[in-house]
Amino acid sequence: MVVLCAISASANTIYVPADQPTIQAGIDAATNGDTVLVAPGTYQQNVTFAGKALTLLSESGPATTTISKSANGAVVTISGIYPGHAVLRGFSITGAVAGPGVWISGAQAYILDNIISDNAAGGVTGSATSAAVVRGNYFTRNVNSRGAAIFTVVPIVIDSNIFVRNVDHDGGGAIAFSGATQITRNVVYDNSSDDDFGGMIYSENATGFQISNNTIVCNRK
């Protein structure tokens with residue numbers, strides 16, 4: 001169960017495209033605590049939370065609601081949010097070329113129930129004092145130089161995700177980390193590394209981490 005901070009009674013819901021034509025326009029119109037609720041469709045754009053602690057949520061889930069890149073960089077950027085947290089839930093996030101699917105920097109983020117696939121610089125990347133809970137996502141066919149599905153240098157929780165056919169070039173076919181990360185209850189299947197370091201998970205100088213209760217099958221290096 002994920003427990004999030006309470007949202008004030010004055011929080012609003014902004015509907016895309018009924019109220020705002022694009023996801024970014026919805027975020028730009030929102031304030032902290034608001035929800036941007038997105039109708040089914042494919043939205044070809046790069047999205048940034050613009051330093052706001054809000055919830056970006058699809059109406060019908062990732063099978064019918066896709067965010068794909070329109071320019072270089074991450075498909076979704078979550079950065080500079082303090083205090084409070086951001087939530088990204090229920091999207092297919094795909095097609096990043098010169099950045100990850102989701103970039104988290106200097107923010108507390110909940111990445112929940114998404115399909116994160118076919119990103120050429122990693123699925124989710126966390127850095128610069130960021131913190132995240134990555135739960136209930138499906139990662140597939142992401143590629144990166146290290147940590148194809150998730151690369152993090154700060155402590156995060158990686159729980160109850162599925163990792164299938166992700167490929168890295170320098171360690172961590174599914175996950176690479178160097179912080180006190182918790183990796184629990186995931187299914188990790190058929191991921192690979194082109195190098196000799198961790199077809200599934202690669203850890204560099206990490207202490208205080210936990211890896212438990214995962215199902216790990218047929219990963220290779």
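Why does Y202 count as buried? Y202 has 14% relative accessibility, so it counts as buried (buried is under 20% relative accessible area, exposed over 50%, partly exposed in between, with a 1.4 Å probe and protein chains only). The residue belongs to strand β25, residues 201-203 (helices, H or I of at least four residues, and strands, E of at least two, are DSSP runs numbered from the N terminus). Between Y202 and T31 there are 38 Å from C-alpha to C-alpha, at a sequence separation of 171 residues.

A word on the ground rules. This is a predicted model, in which local features need pLDDT of at least 70 and side-chain atom pairs count only at pLDDT 80 or more, while totals for chains, interfaces and linings use all residues. Residues are numbered from 1 along each chain as its sequence is written, and side-chain values use heavy atoms, with hydrogens and water left out.

Now step back to the whole chain. It has one helix and 27 strands, and its C-alpha trace spans about 50 × 30 × 25 Å along the principal axes. Buried residues account for 53% of the 221 residues. Take the contacts between residues at least 6 apart in sequence: 62% of them join residues at least 24 apart (a contact means heavy atoms within 4.5 Å).

F139 and F163 are stacked, because their ring centres lie 4.9 Å apart and their planes are at 5 degrees. That pair links distant parts of the chain, with F139 in strand β15 (residues 138-140) and F163 in strand β19, 24 residues apart. Both F139 and F163 are buried. F177 and F209 make an edge-to-face pair, since their centres are 5.2 Å apart and their planes at 70 degrees. F177 sits in strand β21 (residues 175-177) and F209 in the loop between β25 and β26 (210-212), so this pair ties together parts 32 residues apart in sequence. F177, at 3% relative accessibility, is buried, whereas F209, at 37%, is partly exposed.

On to the charges: there are four salt bridges (a side-chain nitrogen of Lys or Arg within 4 Å of a carboxyl oxygen of Asp or Glu). In one of them, D113 meets R89 at 2.8 Å, N to O. D113 is in the loop between β11 (108-112) and β12 (115-117) and R89 in strand β8 (residues 86-89), 24 residues apart. D118 pairs with R141, again with closest N and O atoms 2.8 Å apart. R135 bridges to D159, whose closest atoms are 2.8 Å apart, N and O. R135 lies in strand β14 (residues 131-135) and D159 in strand β18 (residues 156-159), so parts 24 residues apart in sequence are tied together. Both R135 and D159 are buried, and salt bridges with shared partners join R135, D159 and R185 into one network.

Finally, look at D190, in the loop between β23 (187-189) and β24 (192-193). At 18% relative accessibility, D190 counts as buried. Leaving aside residues up to four places away in sequence, D190 touches V164, R165, N166, V217, C218, N219 and R220.

Technical notes: Phe/Tyr/Trp six-rings, centres within 6.5 Å; stacked < 30°, edge-to-face > 60°.
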